[in-house]
Protein chains: 2
Amino acid sequence: MGFGAVHGGDVERVARKYGVDPSEILDFSANINPTPLPVETEDYLLKSLKEVDRYPDREYRRLRGALSRYSGVNQGNIMVGNGATELLYLTARALKVSRVLLPVPSFAEYERALTCVQADITYFPLKEEEGFSLNIDRLMKELSRGYDLIILCNPNNPTGQLIQWDDMMKILEKCQRQETVLLLDETFIEFTPQPQERLFQEISPYPNVILIRALTKFFGIPGLRLGYCLANSLLLEKLWAQKEPWTVNIAASMVGAFLLENGDFIQRSREWIKEERPFMTAKLQEIPGFRVYQSCANFILLKLLQEGWTSSWLKERLEERRILIRDASSFPGLDSSFIRIAIKDRENNLKLLQVLESLRGRTVT
Amino acid sequence: MGFGAVHGGDVERVARKYGVDPSEILDFSANINPTPLPVETEDYLLKSLKEVDRYPDREYRRLRGALSRYSGVNQGNIMVGNGATELLYLTARALKVSRVLLPVPSFAEYERALTCVQADITYFPLKEEEGFSLNIDRLMKELSRGYDLIILCNPNNPTGQLIQWDDMMKILEKCQRQETVLLLDETFIEFTPQPQERLFQEISPYPNVILIRALTKFFGIPGLRLGYCLANSLLLEKLWAQKEPWTVNIAASMVGAFLLENGDFIQRSREWIKEERPFMTAKLQEIPGFRVYQSCANFILLKLLQEGWTSSWLKERLEERRILIRDASSFPGLDSSFIRIAIKDRENNLKLLQVLESLRGRTVT
C-alpha cells in the first residue's frame with residue numbers, strides 16, 4: 001500500500017531496522033530547528049489537557065490572535081491549518097486549479113496535492129547549471145502562457161535559494177496581470193539571513209497571493225501539526241468554504257500560541273542559525289567530494305562528486321551509524337548524486353562532519 | 001465569513017457573550033462522555049513532548065496497533081484521521097461519489113462534505129410519525145434506484161436511533177448487490193446498550209463498507225482530534241491515495257493509544273451510561289411539555305410541546321443560566337420545536353433538570 005510522497009524524517013523505519021529506540025537516531029533528513037523549546041512549553045501542553053473534553057474553537061480566535069501579533073497581520077487575513085500541508089491541499093481544492101506552474105526541484109507535497117485534484121502541472125526546471133536559482137526572465141515568459149496557480153517555495157526546499165526581492169515584485173505584478181494565484185510557501189522564511197517579515201504588508205494590495213507558513217520548522221514542532229496562511233479575505237473565503245472543521249487540536253493550539261510570543265526562543269534560534277549555517281557550509285566545503293550549495297535556510301543541498309557514490313549508498317552508510325539524511329534523488333530535477341542535510345546544533349553537526357570525513361575516499365562496495 | 005456547518009459545542013462564543021470563562025459553561029450541546037480521564041493521561045500527554053520535534057509516523061504504526069487490539073481488526077484494515085471528520089471528507093473525495101443517499105435528520109458534516117465534492121444528494125427523510133426510525137422497506141426501495149454511496153449514522157445523531165441488526169444485514173446485502181458503498185458512522189456505537197463490537201467481523205466479507213469511528217465521544221477527547229476507519233484493504237487503498245499526511249498529531253496519538261487500552265475507563269464509562277441514560281430519560285418524561293425520544297446513545301432528542309416555546313428561545317433562557325444546549329432546528333427534517341441534550345454526570349444532569357423544571361409553564365416573552 002502506498003502512503004504518499006517521499007519525505008525525510010522516517011525515523012521510526014530506521015529505528016526498527018536497526019532495533020534501536022527512535023530517540024537514538026540522529027535525524028538530518030527533516031529540517032527542524034534544534035533549539036530546545038522553552039521549559040514552560042510543558043505547562044502549556046498540560047493546560048491543554050483541561051480542554052481536551054471540548055471541541056477546539058472552530059475559528060481559533062486565541063491562536064489567530066497570537067498569529068496576528070506575531071505576523072503583524074489582521075486576524076481576518078489569517079487561517080490556521082494542520083501544518084502547512086492542510087493549507088496546501090485546501091488551496092488546490094478550493095481554488096479548483098487546473099493549469100499550474102511548478103518550479104522543480106521543490107517540496108514533494110506540491111505535486112501530490114495537485115495530482116489529487118487532477119491539475120495539469122507544467123514543471124518549470126530550476127537548472128543545475130544556474131545553481132538552481134530562479135531565472136526570472138524565463139519565468140516571466142512562462143507565466144505569460146497563462147496559469148491558474150504558481151507555487152513558489154521561498155526559500156526553496158531542497159535548494160535553499162531565496163527569491164530576490166526585485167524578482168518577487170516582478171512576479172507579483174505579473175501574476176496580478178495574468179490573474180494567476182501565487183501560492184508562496186514561506187515555511188523556512190524565519191531562517192533566512194534577513195527574515196522578510198515585511199512581505200505580507202507589501203503583498204497585501206495583491207488580491208491573488210496566499211502566503212503559507214508553519215510552526216513546524218522554525219518553532220520545531222512538526223509532531224504537533226500547526227500551520228497558517230495569510231491572504232486577502234476574499235481569497236480566504238474561498239478556502240473557508242471548503243475547510244474541514246477542527247483540524248488543529250488543542251495541544252497544538254495552546255503550545256503554538258505560547259511559542260509565537262516567546263521572544264527568547266526566537267532570539268536563540270536566530271543566533272543559532274546565524275552561527276551554524278556558515279559554520280556547516282564552510283566545513284562541508286573543506287571535505288573534498290561534495291559540491292555545497294549556498295543556502296538561506298536551515299538545510300544544505302549537496303552534490304556527490306566522488307566517483308561511484310550515490311545518494312542511496314551514502315544514506316545507507318550513514319544509517320549504519322544511526323544518522324539519517326535525505327536522499328534527494330526523489331526530487332524531480334535532481335538525481336542520485338544529490339543529498340540534503342539539515343543543520344543541527346554544533347555537537348551534532350560535528351558528529352555528521354566527522355562521519356562524512358571518515359567516509360572520504362571510500363569506494364562503493 | 002462563514003465557518004461551515006452548524007454545530008453544538010460553541011462554548012467560547014457563549015463564554016464571551018456573558019463575559020465568563022469557558023470552563024463556567026455547562027455544555028449539554030456537544031455529546032461527550034463526562035467520565036474523568038485516567039490520571040495517567042497527563043503522563044502520556046507529557047511523553048508526547050519528547051516527540052514533538054519529529055514528524056508523526058505517517059503510517060501511525062503504534063496507534064494502529066492499539067486500535068487493532070481494541071477493535072479486533074487487522075492493522076491493514078485500519079486508517080486513522082483527524083477526528084471522524086477527516087475520514088468523512090476523505091471518503092467523499094477519494095471515492096469520487098456522485099449520487100448519494102442521505103437519511104435526515106443526521107450529522108451536519110455529511111451534507112457539507114458531500115457539497116464540497118458537488119455530490120448529488122438525495123435526502124431520505126426519517127419521519128417524525130415513525131419516531132425517526134429507519135423504515136427498512138422504504139429504504140430498500142430507494143436503494144434500488146442506484147447510488148454510489150449511502151451514509152448511515154448508527155446510532156443516529158440527533159435521534160439516538162440504532163439500526164436493528166436484521167435491517168443492517170439487509171442493507172449490507174442490498175448495497176453489495178447495487179455496488180453502493182455504505183459509510184457507517186459509528187462514532188456513538190460504544191454508548192449503545194449492547195456495543196456491537198462484532199460488527200466489523202460480520203461486515204468484513206463485504207468489500208464496500210467503511211466503518212468510521214472516533215475517540216471523540218466515548219473517550220471524551222474532541223479537543224485532541226482522533227478518529228479511525230475500518231474497511232476492506234482495497235477500499236482503504238483508494239483513501240490512502242488521496243490522504244493528506246501527518247493529520248493526527250503526536251499528542252492525540254499518544255493519549256489515544258493509552259486510552260484505548262484502559263479497561264478501567266471503558267468500564268466506568270459503560271456503567272455511567274447504563275445509569276444515566278434511563279435516569280435522564282425518565283426524569284425528562286416527568287416534566288410536562290417535552291416529547292422525549294428514546295435514545296441508544298449519550299444524547300436525547302426532545303420535542304417542545306409547550307405553546308409558543310421554540311428551540312432558540314429555550315436555548316437563550318438556558319444560556320442565561322450558563323447552560324448550553326443544541327438547538328436542533330438546523331437539522332434537515334427537524335424544526336424549531338426540537339432540541340438535543342447530551343447526557344452528563346448525575347450532578348450536572350440534575351442541574352439541567354432543575355432548570356428545565358423551573359421554566360415549566362413559562363410563557364415566551
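Which residue of chain B forms a salt bridge with A:R62, and how far apart are the closest N and O atoms?

Author: It's B:E12, and the closest N and O atoms of this pair are 3.5 Å apart. A quick word on the ground rules: this is a predicted model, where local features need pLDDT of at least 70 and side-chain atom pairs count only at pLDDT 80 or more, while totals for chains, interfaces and linings use all residues. Residues are numbered from 1 along each chain as its sequence is written, chains are lettered from A and ligands numbered from 1 in the order written, and side-chain values use heavy atoms, leaving out hydrogens and water.

A salt bridge here means a side-chain nitrogen of Lys or Arg within 4 Å of a carboxyl oxygen of Asp or Glu. Six of them turn up across the interface of chain B and chain A. That interface takes 66 residues from chain B and 66 residues from chain A, with contact meaning heavy atoms within 4.5 Å. About 5,600 Å² is buried between the two chains, 57% of it from carbon and sulfur atoms; that's the accessible area (1.4 Å probe) the two parts lose on being put together, summed over both.

Zoom out to the whole structure and you get 52 salt bridges over all chains. One sits inside chain A: A:D264 pairs with A:R268, the closest N and O atoms being 3.3 Å apart. These two are four residues apart in helix α11 (residues 263-286) of chain A, so about one helical turn separates them. Helices here are DSSP runs (H or I, at least four residues), numbered from the N terminus.
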